[in-house]
Amino acid sequence: KKYVQMSVKFGALITVRLESKRFPQKAKKKIYSYSLIEILIKRLLQVEDKQNIVICTCKSKTHGYLKSVAKKYDVKIYFGSKDNLLVRMIDCAKKNNFKYIFRITGDNPFIDCENYLKIKSAAIKKSKLEYIYSKIPLRGMRCELLSLNALKKTLKNSIEKKKIDYL
């Protein structure tokens, strides 16, 4: 495993809900014997400590599946706001003392791990970084890193404060 060592606390937040209207329970769909979210977690475990990986979701009828996946891979799970993804991410980051957050969607299992490490290294070198993303052309492989401060500023300056389901 290639971990980038640093004193700043990074977290990989896997934002996922299983109640999509367009493609219900997409993160549970399997490729061979692993669900999309399991493939994603297995890939993240190649580059991130399991204590820094959090399934960031909300309580629902289907959250039992996500709890079982978190237990199986020994990663954390956080239940937050159902209607406000931004508040859910901020609260999760605060609870886990993350200064920087990789926002990773639970239905994109093919994250580029090498690029994840490059972004992390770039963030360590820049002291006032608020946002950085990968420039990989394939959408399902990209990742982005946000500072907790940037998320807080976004919430403070957002017009709609109660329902934010996409950043």
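Student: Where is Ile119 found?

Tutor: Ile119 is found in helix 4, which covers residues 113-125. Keep in mind as we go that this is a predicted model.

Student: Is Ile119 buried or exposed?

Tutor: The cut-off to remember is that buried means under 20% relative accessible area. Ile119 has 4% relative accessibility, so it counts as buried.

Student: Which residues is Ile119 in contact with, leaving aside its neighbours within four places in sequence?

Tutor: On that basis, Ile119 is in contact with Phe102, Ile132, Tyr133, Ser134, Cys143 and Leu145.

Student: Let's turn to strands. How should I read the side chains of a strand?

Tutor: In a regular strand, side chains alternate between the two faces of the sheet. Now take strand 1: Phe10, Ala12 and Ile14 are on one side, with Gly11, Leu13 and Thr15 on the other. Both faces are covered, as all of these residues are buried.

Student: Why is strand 1 described as largely enclosed by the rest of the structure?

Tutor: Six of the six residues of strand 1 (residues 10-15) are buried, so the rest of the structure largely encloses this strand.

Student: Which strands run parallel to strand 1?

Tutor: Strand 6 (residues 100-105) pairs with strand 1 in the parallel sense over six bridges. To find a point along that pairing, look at Phe10, whose bridge partner in strand 6 is Tyr100. Strand 4 (residues 53-58) also runs parallel to strand 1, joined by four bridges. There, Ile14 stands opposite Ile55.

Student: What about loops? Is Asn96 buried or exposed?

Tutor: Asn96 sits in the loop between helix 3 (85-95) and strand 6. Asn96 counts as buried because its relative accessibility is 9%. Its side chain reaches the backbone oxygen of Cys92 at 2.9 Å. Not counting residues up to four places away in sequence, Asn96 touches Lys9, Val54 and Lys76.

Student: Which residues make the nonpolar surface patch?

Tutor: Ile31, Tyr32 and Phe110 make a nonpolar surface patch of about 390 Å².

Technical notes: Residues are numbered from 1 along each chain as its sequence is written. This is a predicted model: local features need pLDDT of at least 70, side-chain atom pairs count only at pLDDT 80 or more; totals for chains, interfaces and linings use all residues. Side-chain values use heavy atoms; hydrogens and water are left out. Buried means under 20% relative accessible area, exposed over 50%, partly exposed in between (1.4 Å probe, protein chains only). Helices (H or I, at least four residues) and strands (E, at least two) are DSSP runs, numbered from the N terminus. Two strands pair if DSSP finds at least two bridges between them. Patches are made of residues with over 30% relative accessible area and no salt bridge: like charges are joined within 9 Å, nonpolar side chains (Val, Leu, Ile, Met, Phe, Trp, Tyr) within 5 Å. Accessible areas come from the Shrake-Rupley method with a 1.4 Å probe; for residues, only the protein chains shown count as cover. A salt bridge is a side-chain nitrogen of Lys or Arg within 4 Å of a carboxyl oxygen of Asp or Glu. A polar contact is a pair of N or O atoms within 3.5 Å; within protein, one must be able to donate a hydrogen and the other to accept it, and residues adjacent in sequence count only if both atoms are side-chain atoms. Contact means heavy atoms within 4.5 Å.
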